[in-house]
Amino acid sequence: MIATVLLVFGRGVVADGGGGYRLTGESVARARAAVTYVRAHAAEFRAATGARVVFTGGWPHGPAGAPDPPAAYREGELMRALAREAGLDGYARLDAETRSRTTLQNLALTVQDGLLGPARFTPAHPLGLVSHPWHLPRVRLLAGRVLGLRGAELLDVPVTGPEPVPARRERAARVASRLGYLGLRTPEALLRRERGLTRAAHRVEGLLGRGFATRRPG
């Protein structure tokens with residue numbers, strides 16, 4: 001099956017040294033994977049009603065206390081600009097979700113902003129997920145929570161660009177996602193739970209930090 005609605009997940013932006021920001025190599029690879037997929041299925045995209053590509057991501061990798069990048073320099077916007085330069089807007093509508101900082105937020109805020117349009121996703125008309133292979137299992141898990149889509153209703157569009165696989169960290173994130181969001185089915189409830197889990201993690205980090213700071217050597 002061919003997906004004519006794609007959701008592309010960002011992988012960071014970095015300061016370019018001249019007062020602006022640029023995509024990381026991994027984000028570029030994901031945007032290019034979307035371009036390659038659409039070109040490979042150009043006829044289907046041109047014929048489809050509501051064909052679109054949604055690029056997601058705000059500013060997840062900024063250092064603590066750093067200001068957010070200005071408008072037009074968020075992950076989603078920069079990936080969409082790359083796609084426009086490649087002529088992708090001749091095949092599909094291009095949208096950008098630019099508020100998110102996590103994979104869950106990528107999905108939930110895309111839904112809240114109405115960027116997937118009126119499409120109903122089925123095994124015959126799946127939603128395409130564009131990311132690196134190590135990331136896609138967690139994306140699928142969270143898409144099941146946020147969108148209620150599973151199995152053949154989702155189509156993996158894996159990125160082939162080089163990137164070290166953060167295996168241990170990703171396994172931990174997947175387990176946390178499976179357990180932490182159990183039983184939740186709406187974007188609003190999922191986002192509330194994520195905020196609560198983040199606050200709890202910060203409290204634990206703070207307590208551990210104070211413990212190490214006050215511990216005497218030897």
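Author: Gladly, and keep in mind that this is a predicted model.

Reader: What do E6 and E7 make together with helix H5?

Author: A right-handed β-α-β unit, in which H5 covers residues 136–147.

Reader: In what order do the strands of the open sheet stand?

Author: The order is E5-E4-E1-E6-E7, which gives 5 strands with parallel pairing. E5 (93–97) and E7 (154–158) each have a single partner strand, so one side of each is left without a neighbour in the sheet. On average, neighbouring strands here are turned by 20° against each other, direction ignored.

Reader: How many bridges are there between E4 and E5?

Author: There are 5 bridges, again in the parallel sense, with E4 spanning residues 52–56. You can find Arg52 opposite Arg93 in E5.

Reader: Now the helices. Which strands does H3 touch?

Author: Helix H3, residues 75–85, packs on the sheet and touches E1 (5–9), E4 and E5. To read its orientation, look at the angle between directions: H3 makes about 160° with E5.

Reader: And what angle does H4 make with E1?

Author: About 145°. Helix H4 covers residues 103–112 and packs on the sheet too, with contacts to E1, E4 and E5.

Notes. Residues numbered from 1 in each chain as written. Predicted model: local features only at pLDDT ≥ 70, side-chain atom pairs only at ≥ 80, totals over all residues. Heavy atoms only, no water. Pairing = 2+ DSSP bridges. Helix = DSSP H or I, 4+ residues; strand = E, 2+ residues; numbered from the N terminus. Axes fitted to C-alpha atoms, helices over the stretch in contact; angles between N-to-C directions. Contact = heavy atoms within 4.5 Å. Right-handed = clockwise from strand over helix to strand, strands pointing away.
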